[in-house]
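Work through the exercises below with the sequence and the 3D structure in view. Try each task before reading its solution.

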Amino acid sequence: MERMRLKRLTRPPEEPASPPAVDTALVLSGGSVNGIFLQLGFLQVIRESDLWPSVGWVYGTSAGAFSGWAAARDAIDEHERFLMEVQPEDIFEAHDLWRTPFVGLHRYALPDSVAERIGDPVELARALREGPRELTVVAIDIGLSPDSARTEDPYERAFSSRRDSPETFAAALFASGAISTFVLPLRIEESVYGDGGWVRNFPLAYAYREPAVHRIVGARYRSSAIGFTGTGLHSWHHRMSRLSRVKMARGVTAELREAIERQSRGEPMHLIDTISRLSHIAVSRNSDLEVQLADERDRSLQALHDVREQMRETIESVARGRQRTELLAALDESFAAADFPFRRSRVVPRLVVDLTTPEGVRLDVTRSRAIWSDEDKLALIRHGRRLTAEALGGWAELEDASGAGGLAAADGGEAEESAEPVPAAPTRSGGRRSPRRTGSRVSRR
């Protein structure tokens, strides 16, 4: 009896929980200074969520490359300390005005700041190479080589923390963030590379190309379209006006006055202002196109799946026996042999958080010595956290409503691509899912 009682009271040892499947990719867009602080808030929320253990790939451009570097190394706390200490001259240090036509408006101080405060970038890249997460950063190839023009992505190169050498990858990390309106591009190996935002500011496509990725979570910075403020020109005009007796000074003063008048009419003040505006448009447009193409591909896959299912239902309703079997087999063979441009694509659950600056908060890079306050930095980080938390909560609610399994929608199955498209989960109304919330975009594809 005693033995029987002990047997009933003794519980079998619990089996250790199996580790979560590594099947999630993070995608981080460019966003300059404001974007990188918003992305810190995004990464903090992701790291605190159940998604974090499943992250195996990180893709980033420009500011997103630097944020992704912290995420891939699981060094988000270190990243926060660095950002809270950093000031404009630690990233872009203004050159003397006479040098700007030859060496750009600023010296690229970020590589030195990282080496002094975090560690040798090459050694950090060497450690990342053996780490659990792969980081891919995108830069524009402006060496204009014929080889670059003939690649799958012309004038664009994606550098991998695992496939490229630590020396090459460390240089690429900084090249991706070498904003063209501020600094000169960087030489890497046999070519010259600069800010990847010109060609692929939001590198979503690279996540789709990795067959082991079954879920994508991205942060896309949505900047406001503003040009140069003209503060510097007003100051120069005031100074030069004092030298009105000097002929050359009168000419310069007249040019400055015309530039200020152009700015008051909403026109570019000067060539650099023009390039800055064009950069904003190009970056914003290619970010939108990246998401638009993914949406269109998903809709095409869904439509293809629906057509196939309708044809199958028709065959099953009108044919019997051997004829039904033969027709269904012919249908499968036809779809397998069809050369659809998206035939080997797949629908991947996707969440994109649109990060915007809060009202009244903006960190700017100027030629005059400025201070980025802790209050503004923290406001951006908190805003990034709030937008991300709202988006994650909305995504989980929609997944639960559709019965698709919440944030664990990816089933961790085999990563091989299928010729048959996978249908996306329906919305509550039975259509496609693309809900919108204030300040963030939630898209489940």
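A residue is buried under 20% relative accessible area, exposed over 50%, and partly exposed in between (1.4 Å probe, protein chains only). The model is predicted, so local features need pLDDT of at least 70 and side-chain atom pairs count only at pLDDT 80 or more, while totals for chains, interfaces and linings use all residues. Residues are numbered from 1 along each chain as its sequence is written, and side-chain values use heavy atoms, leaving out hydrogens and water.

**Exercise 1.** Classify Glu 78 as buried, partly exposed or exposed.

Solution. Step 1: the relative accessible area of Glu 78 is 25%. Step 2: Glu 78 is therefore partly exposed.

**Exercise 2.** Find the salt-bridge partners of Glu 78 and Arg 107.

Solution. Step 1: a salt bridge needs a side-chain nitrogen of Lys or Arg within 4 Å of a carboxyl oxygen of Asp or Glu. Step 2: Glu 78 pairs with Arg 73, with the closest N and O atoms 3.0 Å apart. Step 3: Arg 107 pairs with Asp 112 at 3.1 Å. Step 4: Arg 107 is partly exposed at 32%, and Asp 112 is partly exposed at 40%.

**Exercise 3.** Describe the salt bridge between Arg 200 and Glu 290.

Solution. Step 1: the N to O distance is 3.1 Å. Step 2: Arg 200 lies in helix 11 (residues 197-200) and Glu 290 in helix 15 (residues 271-318), so the pair ties together parts 90 residues apart in sequence; helices are DSSP runs of H or I, at least four residues, numbered from the N terminus. Step 3: both residues are buried. Step 4: through shared partners, Arg 200 and Glu 290 belong to one salt-bridge network that also includes Glu 152, Asp 153, Glu 156 and Arg 209.

Key
Helices (H or I, at least four residues) and strands (E, at least two) are DSSP runs, numbered from the N terminus.
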